[in-house]
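Morning, everyone. Let me put the model on the screen, and then we'll walk through it.

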Amino acid sequence: TYDDIIKITQTAESAVLEFKETTGQLERGMETLCAFLNARGGTVLFGVSDSGESKDKYKDKTKRDIVEAIRRIEPIAPIEISYVSVLNTDKFVVALK
């Protein structure tokens, strides 16, 4: 939920949390996600700057790009994808957990 995103972004990046401003960093985000999958798990948030600020607008193509990147992960892993609307804006945060 939006409230969950606010709580998460008020903390710093860690061994289980990574912020990526845009999907221009999709490959780096997928590398981080794979590292999380090989460790304790974690969450990658796209659309959030290192300072925790929401940065990006996402369109259907972005969603397709994310799904395609996840499909390349082997072996297949249970990854939860959430698209969370940022209140009073046209921005979204994409959470991969």
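Strands are DSSP E runs of at least two residues, helices are H or I runs of at least four, and both are numbered from the N terminus.

A word on the ground rules. This is a predicted model, with local features needing pLDDT of at least 70 and side-chain atom pairs counting only at pLDDT 80 or more, while totals for chains, interfaces and linings use all residues. Numbering runs from 1 along each chain as its sequence is written, and side-chain values use heavy atoms, leaving out hydrogens and water.

Next, β1, residues 17–20. Four bridges join β1 to β2, and this pair runs parallel. Phe-19 stands opposite Leu-45. Together, β1, α2 and β2 make a right-handed β-α-β unit. Right-handed means that, with the strands pointing away from the viewer, the path from the first strand over the helix to the second runs clockwise.

Which way do the β2 residues point? Thr-43 and Leu-45 go one way, Val-44 and Phe-46 the other, and all are buried. Buried is under 20% relative accessible area, with a 1.4 Å probe and protein chains only. In a regular strand, side chains alternate between the two faces of the sheet.

Take Thr-43. Its relative accessible area is 12%. Its contacts, heavy atoms within 4.5 Å, include Leu-17, Phe-36 and Leu-96, not counting residues up to four places away in sequence.

Now α2. Its buried residues are Leu-26, Gly-29, Met-30, Thr-32, Leu-33 and Phe-36.

On to the cores. A nonpolar core is a set of buried Ala, Val, Leu, Ile, Met, Phe, Trp, Tyr and Cys residues joined through side-chain atoms within 4.5 Å. The largest has 13 residues, and Met-30, Leu-33, Phe-46 and Leu-96 have the most contacts inside it. α2, β2, α3 and β4 each supply at least two residues of this core. The largest share, four residues, comes from α2. A second, separate core of nine residues includes Leu-17, Phe-19, Leu-45 and Val-93.

Note on methods. Buried means under 20% relative accessible area, exposed over 50%, partly exposed in between (1.4 Å probe, protein chains only). Two strands pair if DSSP finds at least two bridges between them.
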